[in-house]
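Please read the following report alongside the sequence and the coordinates.

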Amino acid sequence: MMEALFPLLKSHPGLSVVLFFLVFRVLHVLLQNLPVPKVVRHDGFRSWKWKNISLSMLHSLLSATWSVTCLVVWPEMLSDIHYHTPISYLLVCVSTGYFVHDACDIILSGYARGSWEFLLHHALVIWTFLYTLFTRLYLAGAVIALLVEVNSVTLHFRMLLKLAGAQNSSIYYIHKFVNLATYFTFRLSAQFYLTWYIGVNYSSLVHGAYFLASLILMNIMIGIYLYRLLRTDFFSGTGRSATVQNGTHNNNVKKFLSD
């Protein structure tokens, strides 16, 4: 089936992304009917954030499993950044559709001002993923980059626990160590490997300098997130945690990305 679908995806990558955008839109609508914790239910921003993160969790579970499977079955992807298969190409199509949907959801929900970090991240991912889909270059690199979604699973679960007011629970205490481990194992290692690979080979790669610059910008963002994660989960006082839990900031802007 994939052999028959692959030529269609490759010949119309833009339409493929739109298709998976619509798939995630349907999933978004279906998630509206799921119950949410009482502490979240009566706050419009936190209720929206809970549902948004729930869909993000679903995408992360899917793409994390998919990317790990691709790299185990086709280890050639680790040595040839352009190597791809129909399954890996489909993965990039699906994830691009998700990131487009999530960016649109943030903007249309009216929370773009407090979510600019997420929107910048999504813009970088969407642009680079679209480039890989249309040129069929760097596709293995996109699959390696999606290893960060393993850590995204634990990050999203952490955010859901905080929204539910469970940051003082034993589950949160154990989970913060699991989350830190996946941050180093999957997020930092995947990003740094890609940065090293393109940095060493950029002179022989098409638009290698652009991808290297994009990765360096992403690495700076990841470093800042790590600092904030360590500060909040391991070195913060209760006062700051309470403020972050409510998703507020000094200027009363609703912040999507809580520390």
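What percentage of the contacts in the protein with a separation of 6 or more is accounted for by residues 24 or more positions apart? The share is 77%, where contact means heavy atoms within 4.5 Å. This is a predicted model, in which local features need pLDDT of at least 70 and side-chain atom pairs count only at pLDDT 80 or more, while totals for chains, interfaces and linings use all residues. Residues are numbered from 1 along each chain as its sequence is written, and side-chain values use heavy atoms, with hydrogens and water left out.

**Overall fold.** The protein has 11 helices and zero strands, these being DSSP runs numbered from the N terminus (helices: H or I, at least four residues; strands: E, at least two). Of its 259 residues, 52% count as buried, a term that stands for under 20% relative accessible area, with exposed meaning over 50% and partly exposed lying in between (1.4 Å probe, protein chains only). The protein exposes about 12300 Å², of which carbon and sulfur atoms supply 71%; accessible areas come from the Shrake-Rupley method with a 1.4 Å probe, and for residues only the protein chains shown count as cover.

**Helix α2.** The 19 residues of α2 (residues 13–31) should span 27 Å at 1.5 Å a residue, and the end C-alpha atoms are 27 Å apart, which agrees; the expected span is 1.5 Å times one less than the number of residues. Its buried residues are Pro13, Ser16, Val17, Phe20, Phe24, His28 and Leu31. They lie on the same side of α2, because they cover an arc of only 125° around the axis, the arc being that of the directions from the helix axis to the C-beta atoms. On the other side of α2, Leu15 and Leu30 are exposed.

**Surface patch.** Trp116, Leu120, Ile216, Leu217, Ile220 and Ile224 make a nonpolar surface patch of about 540 Å². The elements giving two or more residues to the patch are α6 (116–135) and α10 (208–234), and the largest share, four residues, comes from α10. Ile216, found in α10, counts as partly exposed at 41% relative accessibility.

Neither residue in the table is a glycine.

| Residue | Phi | Location |
|---|---|---|
| Arg136 | about 65° | loop between α6 and α7 (139–145) |
| His207 | about 55° | loop between α9 (170–201) and α10 |

Arg136 is also partly exposed, with a relative accessible area of 32%.

Technical notes. Patches are made of residues with over 30% relative accessible area and no salt bridge: like charges are joined within 9 Å, nonpolar side chains (Val, Leu, Ile, Met, Phe, Trp, Tyr) within 5 Å. A salt bridge is a side-chain nitrogen of Lys or Arg within 4 Å of a carboxyl oxygen of Asp or Glu.
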